[in-house]
Amino acid sequence: MNRPTPVSTRLPEFTWDVLDAAAAVAAAHPGGLINLSIGTPVDPVPPVIRESLADASDAPGYPRTAGSPALRAAIAAWAVRTCGADPDRLGVLPAVGSKELVAWLPTLLGIGPQDVVVVPSVAYPTYEDGARLAGATVVRADSLTAVGPNPRVRLVWVNSPGNPTGRVLPAAHLRKVVDWARERGAVVASDECYLPLGWETEPVSVLSPQVCGDSYDRVLAVHSLSKRSNLAGYRAGFVAGDPALVAELLKVRKHAGMIVPAPVQAAMVTALRDEQHATEQRERYRNRRAVLRAAFTAAGFTVEHSEAGLYLWLTRDEDCWATVDWLARRGILVAAGALYGPAGARHVRVALTETDQHVAAVADRLAD
């Protein structure tokens, strides 16, 4: 009897499992592990958000997949303030964190084995994972000319500020991607999870009229509250853009039970309405970035891109795994650039998400 091939065979080894050996080396350091790899928030969830979660905890009924009216209004208002969006033309939908939406978007859009998904040459691994889950072909390219006149392209991922590079794409570049995709009936999905973290330049959302003109046709923007509001543990994200595409996503997600829990929806409303906590968190990351950048530069690393976002993209012009090992022996765990694509093989990614105490200790360890 023929047994179905396990879905997991379509996927590579899980990104962070690849770092287990280096993590063990780093954890053995006398001063303990300084984890600059995965980028998980370490600062407290703001009290105002925790209070909203607790106040909404008596939630015996099923929440709405579309999100509560208050949440949809809060998402739209935030997109107007932050992305320059037009609320009258905008569809919005909450997601159980942005990663599940990224992973399942090709499948939810009906993309399959005959189709092509374009991702950046150095990219968040889940873009490719999602394409593989759908059985689609992945093309890595930063230039549309490299893609060529391929009629099979159904989805184009852009990511600005970029993960892992921190690169910011100009509005003119994003506009060209949108125009190119529309001409071919493809969808542009813009991962904008780090949009509020512009350091040396100000990122532009794909929802800005500079990019999409007076229509959101074929355009989706993906956002997350994980880093902005320290809500990685809440799984709080959303997608905004083309109302027709958002409506289609909603129809499928209703059947699949992809629902944000009601207490988390209430917490998201508070988080999106309150900018004070986000500003305070942004300044924490700004300060940590300055300390880490100075420490790694003094240790002979070159910082490339990194003008925005939550990471430093570093190189010593050697194989990335050699760099990972060198740092692990000093108790510092970072992400190997090769995890983000072949073009990252001589880089490592350093996250800004460690405590101030651990960030301050990096310079001393690098000097050893």
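This is a predicted model: local features need pLDDT of at least 70, side-chain atom pairs count only at pLDDT 80 or more; totals for chains, interfaces and linings use all residues.
I take helices (H or I, at least four residues) and strands (E, at least two) as DSSP runs, numbered from the N terminus. Residues are numbered from 1 along each chain as its sequence is written, and side-chain values use heavy atoms, with hydrogens and water left out.

**Entry 1: the largest pocket**

I started with empty space. Rolling a probe the size of a water molecule over the atoms shows where such space is left. My search runs on a 1 Å grid over the protein atoms alone. A pocket is an open set of points with protein on both sides within 12 Å along at least five of seven lines; a cavity is a set where a 1.4 Å probe fits but cannot get out. Lining residues have an atom within 4 Å of a point. Points are joined across faces, edges and corners, and a volume is the space filled by probe spheres set on them.

The largest pocket holds about 850 Å³. I count 38 lining residues there, and Trp-16, Lys-99, Tyr-124, Pro-125 and Thr-126 are the closest to its centre. Helices α4 (98–108) and α5 (125–134) each supply at least two residues of this lining. α5 provides the largest share, six residues.

Next I sorted the lining by class. Ala, Val, Leu, Ile, Met, Phe, Trp, Tyr, Cys and Pro count as nonpolar, Asp, Glu, Lys and Arg as charged, and the others, Gly among them, as polar. The largest pocket has 19 nonpolar, nine polar and 10 charged lining residues.

**Entry 2: the second largest pocket**

This one holds about 380 Å³. Its lining has 27 residues, with Pro-120, Ser-121, Asp-142, Arg-167 and Leu-169 nearest the centre. α6 (144–147), β5 (153–159) and α7 (171–184) each give at least two residues to it. Which element gives the most to this lining? I find β5, with four residues. By class, the lining splits into 15 nonpolar, nine polar and three charged residues.

**Entry 3: strand β5**

I then followed β5 itself. Buried means under 20% relative accessible area, exposed over 50%, partly exposed in between (1.4 Å probe, protein chains only). Six of the seven residues of β5 are buried.

For pairing I require at least two DSSP bridges between two strands. β5 pairs with β3 (116–119) in the parallel sense over three bridges, and Val-116 has Val-153 of β5 as its bridge partner. β5 also pairs with β6 (187–191), again parallel, over five bridges. There Val-156 stands opposite Val-188 of β6.

**Entry 4: helix α7**

I checked the length of α7. The expected span is 1.5 Å times one less than the number of residues. For the 14 residues of α7 that gives 20 Å, and the end C-alpha atoms are 20 Å apart, so the two agree.

The buried residues of α7 are Ala-171, Leu-174, Val-177, Val-178, Trp-180 and Ala-181. What covers them? Taking contact as heavy atoms within 4.5 Å, I find α6, β5, β6, α8 (209–212) and β7 (219–224) among the covering elements. Gly-185 follows α7 and has a positive phi near 75°.

**Entry 5: the cavity**

Trp-78, Glu-192, Cys-193, Pro-196, His-223, Ser-224, Leu-225 and Arg-228 line it. That makes four nonpolar, two polar and two charged residues.

Arg-228 turned up again in a contact search. Asp-274 touches Val-48 and Arg-228, not counting residues up to four places away in sequence. Asp-274 and Val-48 are 226 residues apart in sequence and 8.8 Å apart in space, C-alpha to C-alpha. Asp-274 sits in the loop between α10 (262–273) and α11 (276–298). Its relative accessible area is 23%, so Asp-274 is partly exposed.

**Entry 6: backbone exceptions**

Most residues other than glycine have a negative phi, and most peptide bonds are trans. I listed departures from this.

- The bond from Ser-160 to Pro-161 is cis, with omega near -5°; Pro-161 lies in the loop between β5 and α7.
- The bond from Asn-163 to Pro-164 is cis, with omega near 20°; Pro-164 is in the loop between β5 and α7.
- His-305 has a positive phi of about 55°, in the loop between β9 (302–304) and β10 (311–315). His-305 is partly exposed, at 40%.
- Asp-317 has a positive phi near 55°, in the loop between β10 and α12 (320–328). Asp-317 is exposed, at 57%.
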